[in-house]
Amino acid sequence: MRKIVAGRSIRWDEQRAQQAYQAGHWVQETLFDCLAKECLHSPNRPLLIEGDTILTPCSLDMQARKLAAYMLATCPQGSVISF
């Protein structure tokens, strides 16, 4: 069986897809949704430690928003944008 995803035809097995969702390998949430939950439930939990840099859910959210705002500000007016 095939399914169209983002304009492309891919092989699709509904039973395997359901198994992946049930096992927690696939989720319906976006990364933004997951990050927003983490900001509420454990805002200072370290997500990444690299040398002296510690990235928490809230610091990642702040940096991602700044990057998105910069990218949006630099795009030509009328552009189609997907973050």
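Author: Happy to! The chain has three helices and four strands; here helices are DSSP runs of H or I with at least four residues, strands are E runs of at least two, and numbering starts at the N terminus. In sequence order they give the pattern β-β-α-α-β-β-α. The radius of gyration is 18 Å, well over the 12 Å from the globule rule for 83 residues, so the chain is more spread out than a compact globule. That radius is taken over C-alpha atoms, and the rule is 2.2 Å times the number of residues to the power 0.38. Along the principal axes, the C-alpha atoms fill a box of roughly 50 × 40 × 25 Å.

A word on the model: it is predicted, with local features needing pLDDT of at least 70 and side-chain atom pairs pLDDT 80 or more, while totals for chains, interfaces and linings use all residues. Residues are numbered from 1 along each chain as its sequence is written, and side-chain values use heavy atoms, leaving out hydrogens and water.

Of the 83 residues, 12% count as buried, meaning under 20% relative accessible area, with exposed being over 50% and partly exposed in between (1.4 Å probe, protein chains only). Among contacts (heavy atoms within 4.5 Å) between residues at least 6 apart in sequence, 8% join residues at least 24 apart.

Now to your cysteines. The structure holds zero disulfides, a disulfide being a pair of cysteine sulfur atoms within 2.5 Å. For C34, the closest cysteine sulfur is that of C39, and at 11 Å it is too far for a bond. C34 is also partly exposed, at a relative accessible area of 30%. C58 is in no disulfide either, and its nearest cysteine sulfur, again in C39, is 3.7 Å away. With 33% relative accessibility, C58 is partly exposed.

The helix residue to look at is D61, which lies in helix α3, spanning residues 57-74. D61 is buried, with a relative accessible area of 15%. Setting aside neighbours within four places in sequence, D61 is in contact with F32, L35 and C39.
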